[in-house]
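Biologist: I am new to this structure. Could you please walk me through it?

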Amino acid sequence: MPTNAKGATNAAAASILDGGGSGPLLVEALTRAGVSNRVVAGLASGDAEPAAVTADGAITPPVPGVNKTGFIDHSDGANLRDGPSETGGRAVHPQPLPPATQVFVSGTFPKAPEWSYVTALLDGALLRGYVQGFRITTDLPEPTAKLYQIRGGDNAEGLAVQEFSTAIQDGHDLRYYENVLLYVNRERRRAGIVGQYQDPGVFGGGADNIQLVAGHRIWLVSPAYAMALKDVVPSGSLTGGAVAKVKRFGGHLQDILASVTDSPRYFAVVAGEYAQAIRDHLPEIIGIVALFVTAEVGSMLLAASPTGVGQIVALVIQLGLAAFGAAGLATAGVAALKHASNWLTLAWEANGDEAMLAEASKEFLRMLVAIAMAALAYLGVRANVGNAVKIANSMTPPMPPAFAVAGGGRTGVGAGTEAGTAAALGPPTPFGPVGNAVAMTSEEEGGRAGGSGGGGSLTGDLTAEQVATIRRLPGGEEWYNSLATFSPARRAAAIEEAKAALDAMRRGQPVEYIGRTVPRRSGKGTLTEVDVETVDEIIQVKGGDYSKATKLSGDDLTQFNNTRIYNEQMRVGPDGVKLPPKKLVYYFTHQPSEALVKWCEGKGIEVRVQAP
Amino acid sequence: MSGTYDLFVLQRAPMPGTAGVLKVHATMRGHDAITSDVDVYIVDRGDDDAEPEQIIDVEQALAAVSASPRLGLVQYDIDDTFVNCTFLSEYNDGYMDGVKLSIEQRAFEEQPHLRDKMVALGRALHDELDAVRTVMAWGVAERGFDWRAELAKARGGERAGTFDLLDLFSPDPPTR
């Protein structure tokens, strides 16, 4: 039997991949959790280490204390090594990190501080190792700024369109954002942008007089930061108030990063038997979490109020599990969720308050402890750890120097890629850029499902059993996978659909589908959408306030008409014979007016109202 | 729930319904609205007693809406997806104060490019109609967005609420 985590992982994987146990499940779980094919293949062959791992499977731990976001700022890029080249350090990745690759600098090499320990995202893989410090810049104008490698053909207007088109307002047109680029990069003395401010009315220049210099790199700031500069850029007047306002930009993000990077100070009071083990790996963990927070969810954390916290919590825990070698584990338990949620909430609300940040750091550590315990249990090595045995010694390597990030989404790093922005999340997709936020089944009493933490549960007040029931329905898995991608309001609506389906089942109606899109007769495009379809009923769920409505109107009326067309004219059996209409049910989540009920009944609609 | 993604464009000042409807129509046409597949325009004049009409000719459809004091709704088509276009009249007096576009939720979510198209369309309408406020999100109407109240606020210089897909506020005329 294996005596350490690596052995356990290999043995489990080998057994599984040989056809034993729940092999496909693990492979699927690993893949879905974002572990690269290379790693999965490595598990299959009994070699858990990616090719980039050094012979002894370890990278010398850094001297911690830097903890800054940075970018590769050298035209040749930077080789990522397991140690300084002067002492025989070897590359952990076949190609150098390209210019403008985002990194998180955790510390330096012992006795060679000119080598920086970094975590980087490259082509969907998470890499770590040492690079020469002079090849990195950590002089970011704002926490979510990105360094951009200028290519031939790039121009200031094009970059402004690319980066700021979603933020353009009257009085702040593209020329304003070109001015922002010029201003920010002049402040940082970047050579990649030259010229004079646009807008003759304000700056006395002409049009198109800001130029980019190919081969150089410049900073691209977020649209939110660009807007925060509006009191600075147009006037050029750096008044105290304006400067202070800009300097406060990204305060939440900075506090969250501080809560992570300051966490080592609180080991003695938090981590207990796991303190030493986690301490040994904290520079790596900090690097991963900090890079993830800044590169992938920074824009969410710039919002006026925390949004998507549930997703962030889920993804951080997933990354933590992967970091501890348990990427295939979909749940870290309610304790990790609780502490993760507390960590983010406390840090978010700290506003620089040291006491609150200290508490946030402690919650971060408690989350790590919970993750570590879950990972060890998953890997089957809990019994080998014991009070005096370090987790570190149980895992070789504790974290592979390279593993894929969840979802393999766009990170916007490196030359040749689209200029990255803080808004890398993009439109919500089931397996979006930040990966599939695996909803974790909590272990709370009552068996509530979801447990996404601070942002509210993914599945609301549905029980785990109810969620499982819905997921088994046709359309149920799509329903479930979509939850993590929805806004809270949209998610709440989806949960109401599930409740309508459960209500139908309680009435003895087998559900044929939840969330059906009905194509037009031509087969092209969508005629309408049906929330729940049972053997005998077509159910449309209606939220909102219908207490004063006297009839369905507007969008509701067109939907009703199209639903009726589907129900009465388009449903045919396998033999092509038209089927009789089903009962049309409108399921209101709040009591509608009597007039509306009467109107519906006059149209042959059965009205149901959700039980309080 | 069978909700919609809603885009509201609220004008700085009312304009005659005919002019407003044609302006919106031209803007939508310039943004891929109305494909060759559309052969019927469903028109709801907002009358409590009237059923939606199906009108084959687009000019007739627009004229029918323009002629109604309440204005009303015309169903367009963008990339084989219905887009309900409701012309808004604050006092039901035939003057147009804004427009609301709605797309059923799943069709919108399953076609990510629609988001970009709708945002671009929203920006274009914001400019064309000289809007003071333009917002887009899921379920704006369903969640109680009272467009008349919001119109009054926006015209009074107040920016209320935040909206995740599009959130434009232009309290003053363009200064350039």
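**Overview of the model**

Modeller: Chain A has 22 helices and 15 strands, where helices (H or I, at least four residues) and strands (E, at least two) are DSSP runs, numbered from the N terminus. This is a predicted model: local features need pLDDT of at least 70, side-chain atom pairs count only at pLDDT 80 or more, and totals for chains, interfaces and linings use all residues. Residues are numbered from 1 along each chain as its sequence is written, and chains are lettered from A and ligands numbered from 1 in the order in which they are written.

Biologist: What share of the residues in chain A is buried?

Modeller: Of the 612 residues in chain A, 52% are buried. A residue is buried if 20 or more other C-beta atoms lie within 10 Å of its own, exposed if 12 or fewer, and partly exposed in between, with C-beta atoms placed from the backbone.

Biologist: Where in chain B is confidence lowest, and where is it highest?

Modeller: The lowest mean, 70, belongs to strand S2 (residues 41-44) of chain B, and the highest, 96, to strand S1 (residues 4-16) of chain B. Chain B has a mean pLDDT of 86, with 88% of its residues at 70 or more; pLDDT is the predictor's confidence in each residue, from 0 to 100. For the complex, the predictor gives an ipTM of 0.87 and a pTM of 0.46.

Biologist: How many residues does each chain bring to the contact?

Modeller: Chain B brings 34 residues and chain A brings 34 residues; two residues are in contact if their C-beta atoms, placed from the backbone, lie within 7 Å. On the side of chain B that touches chain A, S5(B) gives the most, with four residues. That side divides into 10 nonpolar, 14 polar and 10 charged residues. Here Ala, Val, Leu, Ile, Met, Phe, Trp, Tyr, Cys and Pro count as nonpolar, Asp, Glu, Lys and Arg as charged, and the others, Gly among them, as polar.

Biologist: Which residues of chain B does A:Gly544 touch?

Modeller: Leaving out residues up to four places away in sequence, A:Gly544 touches B:Glu142 and B:Arg143. A:Gly544 sits in the loop between strand S13 (537-542) and helix H21 (554-570) of chain A.

Biologist: Why does A:Gly544 count as partly exposed?

Modeller: A:Gly544 counts as partly exposed because it has 19 C-beta neighbours inside 10 Å. A:Thr589 is 45 residues from A:Gly544 in sequence, and the two are 7.6 Å apart in space, C-alpha to C-alpha.

Biologist: Turning to sheets, what is the strand order in the open sheet of five strands?

Modeller: The order is S11-S12-S13-S14-S15 in chain A, with mixed pairing. Strand S11 (511-519) and strand S15 (605-609) of chain A are the edge strands, each pairing on one side only; two strands pair if DSSP finds at least two bridges between them.

Biologist: How many bridges join S11(A) to strand S12 of chain A?

Modeller: Seven bridges join S11(A) to strand S12 (residues 526-534) of chain A, and the two run antiparallel. A:Arg516 has A:Val530 in S12(A) as its bridge partner.

Biologist: And at what angle do helix H4 and helix H5 of chain A pack?

Modeller: Helix H4 (residues 156-164) and helix H5 (residues 174-187) of chain A pack at about 100°, with their axes 9 Å apart. H4(A) is therefore roughly perpendicular to H5(A). Axes are lines fitted to C-alpha atoms, for helices over the stretch in contact, and angles run from 0 to 180 degrees between N-to-C directions. Angles under 35 degrees count as roughly parallel, over 145 as roughly antiparallel, 65 to 115 as roughly perpendicular and the rest as oblique.
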